[in-house]
Amino acid sequence: MDITLDPSRDDLPLMANTSHMLVRHYALDLDVDFESQVIEGTIVLFLEDGNRFKEPSHSSTETCPLESNEAFNFRTPEPCPVPVTNARTFSSKMAYNDFTICGKGEKDTSDKGGNHDNWEQASGISSSKYCCDTGDHGSEDFLLVLDCCDLSVLKVEEVDVAAVPGIEKFTRSPRLTVGSEVLRNEIIHELVTMPADRWREQLDYYARCSQAPGCGELFFDTDTWSLQIRKKGAQTATDFPHAVRIWYKTKPEGRSVTWTSDQSGRPCVYTIGSPINNRALFPCQEPPVAMSTWQATVRAAASFVVLMSGENSAKPTQIREGCSSWHYYVTMPMPASTFTIAVGCWTEVMPETCSSDDRPSKRPIPSSKADFRCVGACGHMEYPCRFQNAAATTQEVIPHRVFAPLCLKDACQETLLRLIPSCLSAAHSVLGTHPFSRLDVLVVPANFPSLGMASPHIVFLSQSTLTGSSHLCGTRLCHEIAHAWFGLAIGARDWTEEWLSEGFATHLEDVFWAEAQQQLSPDEAQEQQELRACLRWHRLQDELRNSSEEMQVLRPSKEKTGHVSESGASVIKHGLNPEKIFMQVHYLKGYFLLRFLAKRLGDETYFSFLRKFVYTFHGQLILSQDFLQMLLENIPEEKRLGLSVESIFQDWLESSGIPQQLQRERQAGAECGLARQVGAEVSKWIRVNRRPRKRKRGERAEVFEKLLPDQLVLLLERLLEQKTLSARTLRSLHRTYRLQEQDAELQRLTKAVERTGLSERCRKWRKVLSRL
C-alpha cells in the first residue's frame with residue numbers, strides 16, 4: 001500500500017505482520033489494581049508461521065509505513081525491578097538505531113556490532129529495500145511486529161514449553177534435541193492444530209504451557225503503534241520462537257479501557273469500544289485476519305465481579321483473603337478486537353419469580369423461518385461449532401445473565417430481564433442457530449458513549465435504555481443480539497466496511513423486535529417497520545447534510561478494499577477520525593440497501609437466503625462482494641432487473657450522498673398510516689402554537705391521539721422544524737405525552753424542542769430590556 005502515515009491524518013495503522021506469523025491463542029494472566037488504575041501481568045502468545053498456516057491472500061506489493069520517526073532501540077537484559085513474581089529483568093539499550101521495519105520480512109539487517117551508521121533514518125515499515133525472505137541473509141533477524149499502544153512493556157521471553165510434564169506426546173520425532181528451538185516449535189504446532197473434539201485437552205495444555213519457565217529473553221522495542229520483538233540468530237518466522245511471554249502493564253490514560261465509577265459510586269473498569277480497539281489492553285495482532293482463541297485468568301479484590309468474552313459462566317475462586325480469581329476461555333477463533341472485559345461491583349439481577357408468563361410462548365415457526373440445519377462440514381477453520389450440534393440448532397433461548405450496579409437492579413428486573421428471552425427467541429426464529437452458547441448483559445456506567453455494544457458472549461447496554469417504556473430497550477437489545485451473527489460470527493475482512501456489521505444489525509433489529517412482540521399482527525408489524533424507515537430516512541438526510549462527502553462512503557478503499565502490504569500491515573481509512581464515532585451513515589445507508597434488496601426479493605426469499613448465507617460464512621471474514629455475489633446467484637433472473645455487484649458498488653457503497661434508487665423509492669412511496677397519523681397530530685400542535693394565549697369562547701380544544709414511541713419521536717422531530725414553540729405549547733406537550741416519563745431518545749428530543757421555546761423567551765426578554 002502506497003500510504004505514508006501522517007500524524008495529522010485520521011487513519012488507523014494496523015502494524016502486525018500477520019502474513020508471516022499468526023497468533024493462534026492468547027493466554028492472559030492479569031491483576032487489576034484500582035488504586036493505581038493499572039492492569040498488569042503477562043500474556044503468552046502461541047504462534048504459527050505463515051508457511052504452515054495461510055489465510056486466503058488479498059495482499060499486494062504495497063507497504064504501510066509507521067507513523068513514528070523514533071529510532072528502534074532494542075533492549076537487552078540488565079538488572080531492573082519487575083513487579084511480577086519470578087520475572088527476570090532487563091533495561092539497558094543496545095545501539096540499534098534507525099532500525100527499519102520492512103514490508104516483506106521484518107528483519108534486523110544490522111551488523112554484528114549493532115551499528116547503523118550508514119542507514120537512512122526510517123519512519124517505520126518501508127518498501128523492500130531492506131526486506132527479507134526465507135533465505136540466508138547472514139546476520140539478519142526476523143522481526144515479530146504486534147499492535148501495541150499506551151502500554152509499558154517490561155520484559156519479553158521465550159517460553160520453554162518442552163519443560164511441561166507430559167508434553168512429549170506432542171513431539172513427532174524422538175530424535176529432536178530436548179530444549180531445541182525446533183522441538184519447542186514442533187510442540188506448539190501440534191498443540192494449535194489439535195482437532196476440535198479435543199478442545200478441553202487443548203485448553204489445559206495451553207494453560208500449562210503458559211506457566212512454563214522462560215528459556216531466554218528476547219530483544220524488543222516499542223513505538224507509537226507497535227511492539228517489535230526479535231531473537232538474535234532467528235532469521236525466519238519458522239526459526240522464531242512460537243511461544244512468547246510478554247510482561248507488561250497498562251497505563252491509566254490508556255485508550256482501550258476506561259476507569260470510572262458506576263451509578264452506585266463504586267469503582268469499575270471496562271473496555272469502552274475505543275477506535276484503537278484492544279492494543280492498549282494487551283499486545284496483539286489487530287488485523288481481522290488474525291483470528292485466535294484466548295483464555296484469561298484475572299485477579300481482583302473479592303468485592304469485584306469480572307465479566308469477559310468467554311464461553312463459560314465463570315465463578316470466582318478465592319486465592320487469598322480479600323482476593324479472587326476469575327477464569328474465562330473461548331474456543332471459536334475471532335479477531336482480538338472482539339475481546340471485552342468489565343470489572344466492577346456488579347450485582348447479578350435474578351428474576352423475582354420463575355413464572356411461565358416470563359418465558360416466550362412457543363409459536364409454530366413458518367416453514368420460511370424454520371431453522372436452517374447444517375449439512376456437511378462448515379467452511380471455517382476447525383473449532384467446536386454450534387452449527388454442527390443438533391441440540392444447539394434447536395435452542396431458541398440460550399442461557400443468559402444480567403449484571404448491573406445495585407441501584408439499577410429494580411429497573412433491570414422490570415424491563416430488561418423479561419425482554420431477553422423473547423428477543424433471543426425472535427432472533428432464533430429468523431436466523432436459526434445462535435452462534436454463541438450463552439450471553440451476559442451488563443448495564444455499564446453513565447459515561448458509556450453509545451446505547452450498546454456487542455462482543456462474544458457479552459453485551460453492554462446503556463442505562464438510558466432502562467427508562468420509559470420497553471421499546472428502546474427492546475430494539476437496542478435486538479440490535480446487539482443481531483451482532484452475534486453479523487459482526488462477530490461473520491466479520492468484515494476490512495474494517496472500513498462497517499456496513500456489513502451495522503447495516504445488518506440495524507435492518508435485523510426491526511425484524512427481531514416485530515417477532516418479539518408476539519401480539520402484533522403481520523400488518524401491524526409491517527406498519528411499525530415502515531414508520532422506522534421513515535424516521536431513518538429523515539436522519540440519513542440530516543447526516544448527509546452535516547458531514548463531509550468522504551465520510552459518507554461505505555467502501556472508501558474501493559477496489560483496494562481488503563488489500564494489505566506483503567507483511568500483512570494495513571491502514572484503516574478515517575479510523576481515528578473523532579467525527580466517525582457519532583456518525584450513523586454506515587448504519588443507515590447499509591440498512592436501506594438491505595431493505596431495498598429484501599423488497600426486491602420478497603421477505604420470504606430474502607430471509608431464507610440470509611439463513612443460507614449465515615450457514616455458509618459463519619466463523620469467517622467477508623467482503624461486500626461475498627454477500628452480494630451469493631445473493632445475486634440466488635435471485636431468480638426476473639427479479640434482478642439490472643442488479644449487479646458493480647451497480648450496487650457504484651450506487652450504494654462507493655458514492656457519497658443518497659443512492660439514486662433510494663431517492664426514487666422515497667419520492668414515489670406514500671407515507672405509511674402511522675406516519676400520516678403523526679402528520680395530522682403535528683398540524684394540531686401547530687394550530688395550538690399559533691393561537692392567542694386566551695382561547696375564544698366556544699372554540700373547541702384540540703383532541704390528541706395516543707401515539708407509539710416511534711410516532712412520538714417523529715412528532716417531536718417535525719415540531720423541531722418550527723421556528724418557535726411557545727412555553728404554553730411546551731407545557732401542553734409535556735402534559736399530553738408525559739414526556740418526563742419517556743425513554744432517553746424522547747427526552748433528548750424534548751430538550752431540543754424546549755430550546756426552541758427558550759429562544760423565543762430570550763427574544764422577548766431582549767425586547768423588554770431594550771426598552772429600559
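Visitor: Is His 507 buried or exposed?

Guide: His 507 counts as buried, at 8% relative accessibility. Buried means under 20% relative accessible area, exposed means over 50%, and partly exposed lies in between (1.4 Å probe, protein chains only). One caution before we go on. This is a predicted model, where local features need pLDDT of at least 70, side-chain atom pairs count only at pLDDT 80 or more, and totals for chains, interfaces and linings use all residues. Residues are numbered from 1 along each chain as its sequence is written, and side-chain values use heavy atoms, leaving out hydrogens and water.

Visitor: Where is the place of His 507?

Guide: His 507 sits in helix 6. Helices (H or I, at least four residues) and strands (E, at least two) are DSSP runs, numbered from the N terminus.

Visitor: Which residues is His 507 in contact with, leaving aside its neighbours within four places in sequence?

Guide: Contact means heavy atoms within 4.5 Å. With those neighbours set aside, His 507 touches Tyr 591, Leu 594, Arg 595, Ala 598, Tyr 606 and Phe 607.

Visitor: How do I read two packed helices, such as helix 4 and helix 6?

Guide: Two packed helices are described by the angle between their axes and the distance between the axes. Axes are lines fitted to C-alpha atoms, for helices over the stretch in contact, and angles run from 0 to 180 degrees between N-to-C directions. Now the case here. Helix 4 and helix 6 (residues 499-516) pack at about 115 degrees, with axes 8 Å apart. Helix 4 passes helix 6 in a right-handed crossing. A crossing is right-handed if the near helix is turned clockwise from the far one by less than a right angle, and left-handed if anticlockwise.

Visitor: Which residues of helix 4 and helix 6 make the contact?

Guide: Helix 4 brings Leu 419, Ser 422, Cys 423, Ala 426, Ala 427, Ser 429, Val 430 and Leu 431. Helix 6 brings Leu 508, Val 511, Phe 512, Trp 513, Glu 515 and Ala 516. The residues of this contact divide into 11 nonpolar, 2 polar and 1 charged. Here Ala, Val, Leu, Ile, Met, Phe, Trp, Tyr, Cys and Pro count as nonpolar, Asp, Glu, Lys and Arg as charged, and the others, Gly among them, as polar.

Visitor: Where does Ser 422 lie?

Guide: Ser 422 lies in helix 4 (residues 409-431). At 14% relative accessibility, Ser 422 counts as buried. Ser 422 and Glu 515 are 93 residues apart along the chain, yet 8.4 Å separates their C-alpha atoms.

Visitor: At what angle do helix 14 and helix 15 pack?

Guide: Helix 14 (residues 673-690) and helix 15 (residues 709-719) pack at about 45 degrees, with axes 9 Å apart. That makes helix 14 oblique to helix 15. Under 35 degrees counts as roughly parallel, over 145 as roughly antiparallel, 65 to 115 as roughly perpendicular, and the rest as oblique. Helix 14 passes helix 15 in a right-handed crossing. By class, their contact has 8 nonpolar, 3 polar and 2 charged residues.

Visitor: And how far apart are the axes of helix 10 and helix 12?

Guide: Those axes are 10 Å apart, and helix 10 (residues 624-633) packs on helix 12 (residues 645-653) at about 130 degrees. So helix 10 is oblique to helix 12. This crossing is right-handed. Ser 624, Gln 625, Leu 628, Gln 629 and Leu 632 in helix 10 meet Val 645, Ile 648, Phe 649 and Leu 653 in helix 12. The contact has 6 nonpolar, 3 polar and no charged residues.

Visitor: Let's turn to loops. Where does Gln 37 lie?

Guide: Gln 37 lies in the loop between strand 2 (21-33) and strand 3 (38-49). Gln 37 counts as partly exposed, at 32% relative accessibility. Beyond its neighbours within four places in sequence, Gln 37 is in contact with Lys 251, Pro 252 and Trp 259. Glu 253 is 216 residues from Gln 37 in sequence, but 8.9 Å away in space, C-alpha to C-alpha.

Visitor: What is the phi of Lys 558?

Guide: Phi of Lys 558 is near 50 degrees, a positive value in a residue other than glycine. Lys 558 is in the loop between helix 7 (522-545) and strand 26 (570-572). Asp 150 also has a positive phi, about 60 degrees, although it is not a glycine. Asp 150 is in the loop between strand 7 (141-147) and strand 8 (151-159).

Visitor: How many helices and strands does the protein chain have?

Guide: The protein chain has 17 helices and 27 strands. Of its 772 residues, 58% count as buried. Among contacts between residues at least 6 apart in sequence, 77% join residues at least 24 apart.
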